[in-house]
Amino acid sequence: EGHSYQCQWTLALDDGNIQVAGREFDQGASAISIVGGTGRYAGIHGEMTSVNNNDGTFTQTLRYRLR
């Protein structure tokens, strides 16, 4: 408890990819940056919120804008 981890992953969709990277905390909510995208998501900017559900899963929500 009270730790954070480096989170980095790519969400692969039919019309492009979204990449996120940043600190993810083991408790509470974490705001993780959207760092890039391809295809339809080229020029994307925003963040992903990740919340630990305390059952081994996380709820992740993307909030973004496309240019």
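Buried residues, meaning those under 20% relative accessible area with a 1.4 Å probe and protein chains only, make up 27% of the 67 residues in the protein chain. The structure is a predicted model, in which local features need pLDDT of at least 70 and side-chain atom pairs count only at pLDDT 80 or more, while totals for chains, interfaces and linings use all residues. Residues are numbered from 1 along each chain as its sequence is written, and side-chain values use heavy atoms, with hydrogens and water left out.

Confidence is given as pLDDT, the predictor's score for each residue from 0 to 100. The protein chain averages 93, and 99% of the residues score at least 70. Strand β1 (residues 4-13) has the lowest confidence, with a mean of 91, and strand β3 (residues 29-37) the highest, at 96.

The protein chain has five strands and zero helices. Both are DSSP runs numbered from the N terminus: helices are H or I with at least four residues, strands are E with at least two. Along the sequence the pattern reads β-β-β-β-β. The C-alpha atoms fill a box of roughly 40 × 20 × 15 Å along the principal axes.

Two strands pair if DSSP finds at least two bridges between them. Two pairings are listed here.

β4 and β5 form a hairpin with five residues between them. In its turn, Asn54 has a positive phi of about 60°.

In soluble globular proteins, nonpolar side chains tend to be buried together. A nonpolar core is a set of buried Ala, Val, Leu, Ile, Met, Phe, Trp, Tyr and Cys residues joined through side-chain atoms within 4.5 Å. The largest one here has eight residues: Cys7, Ile18, Val20, Ile32, Ile34, Tyr41, Ile44 and Met48. Strands β2 (16-25) and β3 are the elements that give two or more residues to this core.

Contact means heavy atoms within 4.5 Å. Leaving out residues up to four places away in sequence, Ile18 touches Trp9, Thr10, Leu11, Leu13, Ile34, Gly36, Gly37, Tyr41, Ile44 and Leu62. Among contacts in the protein chain between residues at least 6 apart in sequence, 23% join residues at least 24 apart.

The protein chain exposes about 4,400 Å², of which carbon and sulfur atoms supply 45%. These accessible areas come from the Shrake-Rupley method with a 1.4 Å probe.

Terms used. Buried < 20%, exposed > 50% of the residue type's maximum accessible area, 1.4 Å probe, protein only.
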